[in-house]
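Follow the chain with the structure open beside you.

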Amino acid sequence: MTRRQSARQLVRAACGGGSSSPSQQLRRFALHEHHFGNIISSSKHLSATPSDFHSHLCQKIRHAQERVILASLYIGVGSGSELGETSISTKHCKEDEFLQSLYFAASNKEIKQMQIILDANRAMRKVSFTNKRNAGQSHDSNQGSSLSTNSADTVLSTLKPFLERIEGDNHSKNSNNGLFLFPVNDQRLCTILPSPLDEVAGVFHIKAYLVDDELILSGANLSEEYFSNRLDRYMIFTDGGGGM
């Protein structure tokens, strides 16, 4: 099947046509003008900055009422400071503020749904804490630091209050809550190509951030460089986005 034929089949499935069963058909959303939002820029620039993206997302997560669903390549591990014990104003980096906001949402008893989806390979890769990296270094930088962790362990720590609360809830035992690692590559390939070379075969690259009835689609990962100086696109759907 050619790429064009695959695209046509996908469009037919999205429109409810073809031989696809109802369970395989993509849901359609009626989008109207009021469903399109934007991140308010804190500067004179017309477009939002990485810092604006960070502040907007942290605020949304911190004040979430029902659900927090995040899909990203990875999440930054922060500086290693304790969650829930240090105020945001004294955090060492923007990753700390993001993780603290996530922890705050996980501690909110009103939240019923929390899902974090990351690329399995990147989430398990050892990285150094952000304050142990030089300015400008990416999330991948470790350089032999003895103080290191990985994205998966960090996220599990932030979700701990939520996971402990729903563990005893009979209505939540079968729900899809928690951390999910998406393995793009075949395990045999990972044994042949060491990390990070195995990423040439593909990674889970979706960046979608859903908090209550607001969805942000972006190319930005949830890490210090994308919160500070690496500008990307931010498309926002608000007011339920027509049924999401």
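Begin with Leu102. At 0% relative accessibility, Leu102 counts as buried. Buried means under 20% relative accessible area; exposed means over 50%, and partly exposed lies in between, using a 1.4 Å probe and protein chains only. Leu102 has its place in helix α3, residues 94–106. Helices here are DSSP runs of H or I with at least four residues, strands are runs of E with at least two, and both are numbered from the N terminus.

A word on the model itself. It is predicted, so local features need pLDDT of at least 70 and side-chain atom pairs count only at pLDDT 80 or more, while totals for chains, interfaces and linings use all residues. Residues are numbered from 1 along each chain as its sequence is written, and side-chain values use heavy atoms, with hydrogens and water left out.

What does Leu102 touch, not counting residues up to four places away in sequence? Its partners are Ile61, Val68, Leu70, Met114, Ile116 and Thr158. Contact means heavy atoms within 4.5 Å. Another pairing shows how the chain folds back: Leu102 and Ala64 are 38 residues apart in sequence, yet their C-alpha atoms are 9.6 Å apart in space.

Now step back to the whole chain. Its secondary structure comes to seven helices and nine strands. Of its 244 residues, 42% are buried. Take the contacts with a separation of 6 or more: 66% of them join residues 24 or more positions apart.

Next, look at the sheet. Seven strands form an open sheet in the order β1-β9-β8-β7-β2-β3-β6, with mixed pairing. Two strands pair if DSSP finds at least two bridges between them. The edges belong to β1 (36–37) and β6 (178–182); each has a single partner strand, so one side of each is left without a neighbour in the sheet. Helix α2 (residues 50–62) packs on this sheet and touches β2, β7, β8 (214–218) and β9 (234–237). The direction of α2 makes about 150 degrees with that of β8. For such angles, axes are lines fitted to C-alpha atoms, for helices over the stretch in contact, and the angles run from 0 to 180 degrees between N-to-C directions.

Strand β7 deserves a careful look. Strand β2 (residues 67–72) pairs with β7 (residues 208–211) in the antiparallel sense over four bridges. Leu70 has Tyr209 as its bridge partner in β7, and Ala71 stands opposite Ala208. Strands β7 and β8 also pair in the antiparallel sense, over four bridges. There, Tyr209 has Ile216 as its bridge partner in β8. Which way do the residues of β7 point? Ala208 and Leu210 point one way, Tyr209 and Val211 the other, and all are buried.

Asp212 is found in the loop between β7 and β8. The hairpin of these strands has two residues between them. Most residues other than glycine have a negative phi. Asp212 has a positive phi, near 55 degrees. At 18% relative accessibility, Asp212 counts as buried.

Now turn to the rings. Rings of Phe, Tyr and Trp (its six-membered ring) pair if their centres lie within 6.5 Å; planes under 30 degrees apart count as stacked, over 60 as edge-to-face and the rest as tilted. By this rule the count comes to five aromatic pairs. In one of them, Phe53 and Phe227 are tilted, with 6.1 Å centre to centre and 40 degrees between the planes. This pair links distant parts of the chain: Phe53 is in helix α2, Phe227 is in helix α7 (residues 224–228), and they are 174 residues apart. Both Phe53 and Phe227 are buried.

The rings of Phe182 and Phe204 have centres 5.0 Å apart and planes at 40 degrees, so this pair is tilted. Phe182 lies in strand β6 and Phe204 in the loop between α6 (187–192) and β7, so the pair ties together parts 22 residues apart in sequence. Phe182 is partly exposed at 41% relative accessibility, whereas Phe204 is buried at 10%. Elsewhere, Phe53, Phe98, Tyr209, Phe227 and Tyr234 form one aromatic cluster.

Finish with the cysteines. A search of the whole structure finds zero disulfides, counting as a disulfide a pair of cysteine sulfur atoms within 2.5 Å. Cys58 is buried, with a relative accessible area of 3%. Cys93 is buried at 11% relative accessibility.
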